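Here is my note on the model, point by point. Please keep the coordinates open while reading.

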Amino acid sequence: MERKDHMDLFGAVALIVFALHLGFNQVVVKVTAGGFNPVFSAGLRSAGAVVVLLIWMKLRGVSLHVPRRAWFGGILSGLFFAFEFMCLFIALDMSTVSRVSVILYTMPVWLAILAHFLFPGEGLTRFKVLGLIMAVAGVAIALLDRDAAGASWTSDLLALAAALCWAGIVLCVRITPLSEVPPAQQLMFQVAISGPILLLIAPLFGPLIRQVEPVHIAGILFQIIAVASFGFLAWFWLMSIYPASSVASFSFLSPVFSVILGWLLLSEEVTASVWGALALVAAGIYLINRRPRVKKAVPPAV
């Protein structure tokens, strides 16, 4: 598909489905932590994704060759990837899915601000600024509720660090020569670099194995195949077609889905402040993605 300067119906539907997919994944990560050390789980996910991607690339005839000029961006994105998921998995182990997800998905705020200065044609408009302010206000409401279940400054800061690393990955993909290589090769850099790093540092965070049951193994397999492999491939593909800030802004839907799924599947308590935060975030999404009205040309006077 050709690169587009605005979001269309196909992109919107695809990103909504992807946001639901990521929202469910937060629940899976939380459940899987019951059987595995969270950093070890993240390392297994990346290592497994390397195998899946190698098989997929072989079947599709995608070359592993990457131009040398793209190596710096690829290595940097891999380091961001490792740190992002180390922080995210630990945060989810310490806190609730709803709280961590709301903070994690501040990523579009940082990305939209950076895109204003770095990406031509993706500047901030009045409506985008208002949308970002509303979304940040929603996150602030969640952070200020220190009496909520799972409230911890450590987990909050880890979730925020993960959000910043996610934005860093997008920048690597967009402003370095890494943008010139196919999504599969971009993702291969990230999982191939993060896997060994996460597996090596995992013992620093406690025993690698907790109480493993079939549901935990299923969770690891889901993350390897449906998220770290084909899920991220789909996201990079969408990022290559649509404006970065518009793609990222749809991820604000993921905490909404995460909160609902955490409530339904994990029986997490959802306070009024969380619902209020989500309402502001949803309104922010609309404003960030609101297309400016095109003024009709006035015919010249006869």
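**Notes on the predicted model**

1. Thr125 sits in the loop between α5 (107-118) and α6 (126-144). The model is predicted, so local features are taken only where pLDDT is at least 70. Is Thr125 buried, exposed or partly exposed? Its relative accessibility is 36%, so Thr125 counts as partly exposed. From Thr125 to Val274 the C-alpha distance is 28 Å. In sequence, Thr125 and Val274 are 149 residues apart.

2. The largest nonpolar core has 75 residues. Which of them touch the most other members? They are Leu88, Trp166, Val191, Phe232 and Trp235. Helix α9, residues 214-241, gives the most to this core, with 11 residues. As background, nonpolar side chains tend to be buried together in soluble globular proteins.

3. Helix α2 passes a length check. This helix covers residues 38-60, which makes 23 residues. At 1.5 Å a residue, α2 should span 33 Å. The C-alpha atoms at its ends are 32 Å apart, so the two values agree.

4. Both ends of α2 deserve a look. At the start, a side-chain oxygen of Asn37 comes to within 2.8 Å of the backbone nitrogen of Val39. At the other end, Gly61 follows α2. Phi of Gly61 is positive, near 70°.

5. Now a helix pair. In general, two packed helices are described by the angle between their axes and the distance between the axes. Here the pair is α3 (residues 71-94) and α7 (residues 153-175). Their axes come within 8 Å. The axes cross at roughly 155°. An angle over 145 degrees counts as roughly antiparallel, and α3 and α7 are therefore roughly antiparallel to each other. The crossing of α3 past α7 is left-handed.

6. Ser101 lies in helix α4, residues 97-104. Where does its accessibility put it, buried or exposed? At 0% relative accessibility, Ser101 counts as buried. The side chain of Ser101 makes a polar contact of 3.3 Å with the side chain of Ser258.

7. Most residues other than glycine have a negative phi. Ser267 has a positive phi, near 60°, and is not a glycine. Ser267 is located in the loop between α11 (253-266) and α12 (272-289). With a relative accessible area of 63%, Ser267 is exposed.

8. Phe189 belongs to helix α8, residues 183-201. Its relative accessible area is 15%, so Phe189 is buried. How far apart in space are Phe189 and Ser267? They are 37 Å apart, C-alpha to C-alpha. In sequence, 78 residues separate Phe189 from Ser267.

9. Ile16 is in helix α1, residues 9-32. At 36% relative accessibility, Ile16 counts as partly exposed. Ile16 and Ser254 are 238 residues apart in sequence. In space, the C-alpha atoms of Ile16 and Ser254 are 8.4 Å apart.

10. Last, Leu278. Leu278 is in helix α12. Its relative accessible area is 5%, so Leu278 is buried. Leu278 and Ile133 are 145 residues apart in sequence. Their C-alpha atoms are 13 Å apart in space.

Terms used. Residues numbered from 1 in each chain as written. Predicted model: local features only at pLDDT ≥ 70, side-chain atom pairs only at ≥ 80, totals over all residues. Heavy atoms only, no water. Core = buried A, V, L, I, M, F, W, Y, C linked by side-chain atoms within 4.5 Å. Buried < 20%, exposed > 50% of the residue type's maximum accessible area, 1.4 Å probe, protein only. Helix = DSSP H or I, 4+ residues; strand = E, 2+ residues; numbered from the N terminus. Expected span 1.5 Å × (residues − 1). Polar contact = N/O pair within 3.5 Å; in protein donor to acceptor, adjacent residues only side chain to side chain. Axes fitted to C-alpha atoms, helices over the stretch in contact; angles between N-to-C directions. Parallel < 35°, antiparallel > 145°, perpendicular 65-115°, else oblique. Left-handed = near helix turned anticlockwise from the far one by under 90°.
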